[in-house]
Amino acid sequence: MSKVNTVGRILISEEEILRRAREIGQQITKDYKGEEVVVLGTLKGSLLWMSDVVKNINLDVKLDFIQASSYGSSTISSGVVKVGYEPSENMYNRNVIIMEDIVDTGNTLSYIVKKLEERNPKSVKICTMLDKPSRRVSDIKADYIGFEVENLFIVGYGLDYDQRFRNLPYVSYLTEEDVEAL
Ligand code: PRP
């Protein structure tokens, strides 16, 4: 067990996340009234947030996933996007809501949006738990944002450092000292 796990530095608590997920789910329900939506989760980070939001969407919802990775195992974005898992749902003429854990440089999302548009969906919107606008490189903006965060190395609630800490039930962050001690 690492020190970070036992210290449990909480940046955003589970209660705050659940409250925001409920608000956003209710907003999506209003915005798409009478329509069907495909919620497209980006693996692996969006899993926990996606689960919280979709429970609060009172519409005909289909779930699907895409895996597009930009990070490798370091704390610095490589800018290279690799697609692993492809969605199986038909996206033609569908309302797609991409579910992200964090928009950082925006490179992953702009790649995913471009790929999706090749399938001619009816609409594409983006819902992210966290937004880190200070790091943006690609010209992309989320439509539904849980929380804006500073330029910290975020872990927890789906987000990882070298695949660890995804299961923390809150949003936390690692300092350089934390990383050296891991
Ligand atoms: C993370 C995160 C976003 C993306 C954000 O995914 O989940 O998808 O990076 O970074 P960007 O805005 O700079 O492109 P990652 O590639 O680490 O995969 P993961 O979800 O499996 O952790």
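Predicted model: local features only at pLDDT ≥ 70, side-chain atom pairs only at ≥ 80, totals over all residues.
Residues are numbered from 1 along each chain as its sequence is written, and side-chain values use heavy atoms, with hydrogens and water left out.

**Salt bridges**

- Side chains of opposite charge can pair when their charged atoms come close.
- The model has 13 salt bridges, each being a side-chain nitrogen of Lys or Arg within 4 Å of a carboxyl oxygen of Asp or Glu.
- Asp 60 pairs with Lys 62, with 3.3 Å between the closest N and O atoms; Lys 62 is partly exposed at 26% relative accessibility.
- Glu 86 and Lys 115 also form a salt bridge, their closest N and O atoms being 3.3 Å apart.
- Because Glu 86 sits in the loop between strand E3 (82–83) and E4 while Lys 115 belongs to helix H4, this pair ties together parts that are 29 residues apart in sequence. Helices (H or I, at least four residues) and strands (E, at least two) are DSSP runs, numbered from the N terminus.
- Both partners are partly exposed: Glu 86 has a relative accessibility of 34%, and Lys 115 has a relative accessible area of 23%.
- Asp 104 bridges to Lys 132, with the closest N and O atoms 3.6 Å apart.
- That pair links distant parts of the chain, 28 residues apart: Asp 104 is in the loop between E4 and H4, and Lys 132 is in the loop between strand E5 (123–131) and strand E6 (144–148).
- Asp 104 is buried at 6% relative accessibility, and Lys 132 is buried with a relative accessible area of 5%.
- Through shared partners, salt bridges join Glu 36, Asp 60, Lys 62, Glu 89 and Arg 94 into one network.

**Around the ligand**

- Of the 19 residues around the ligand, those that come nearest are Asp 101, Asp 104, Thr 105, Gly 106 and Thr 108; a residue counts as near if one of its heavy atoms lies within 4 Å.
- An oxygen atom of the ligand lies 2.9 Å from a polar backbone atom of Lys 44.
- For Asp 101, an N or O atom in the side chain is 2.5 Å from a ligand oxygen.
- For Asp 104, a backbone N or O atom is 2.8 Å from an oxygen atom of the ligand.
- The ligand taken alone exposes 500 Å², and the protein buries 95% of that; these areas come from the Shrake-Rupley method with a 1.4 Å probe.
- Strand E2 (60–69), strand E4 (95–103) and helix H4 (107–117) are the elements that give two or more residues to the shell around the ligand.
- E4 supplies the largest share of that shell, four residues.

**Asp 52**

- Asp 52 lies in helix H3 (residues 47–54).
- Asp 52 is buried yet has no salt bridge, and the nearest side chain of opposite charge, Lys 55, is 4.0 Å away.
- The side chains of Asp 52 and Tyr 157 make a polar contact at 2.4 Å. The term covers a pair of N or O atoms within 3.5 Å; within protein, one must be able to donate a hydrogen and the other to accept it, and residues adjacent in sequence count only if both atoms are side-chain atoms.
- Leaving aside neighbours within four places in sequence, Asp 52 is in contact (heavy atoms within 4.5 Å) with Ile 17, Leu 18, Ala 21 and Tyr 157.

Notes: Buried < 20%, exposed > 50% of the residue type's maximum accessible area, 1.4 Å probe, protein only. Lys, Arg positive; Asp, Glu negative; His and termini not counted.
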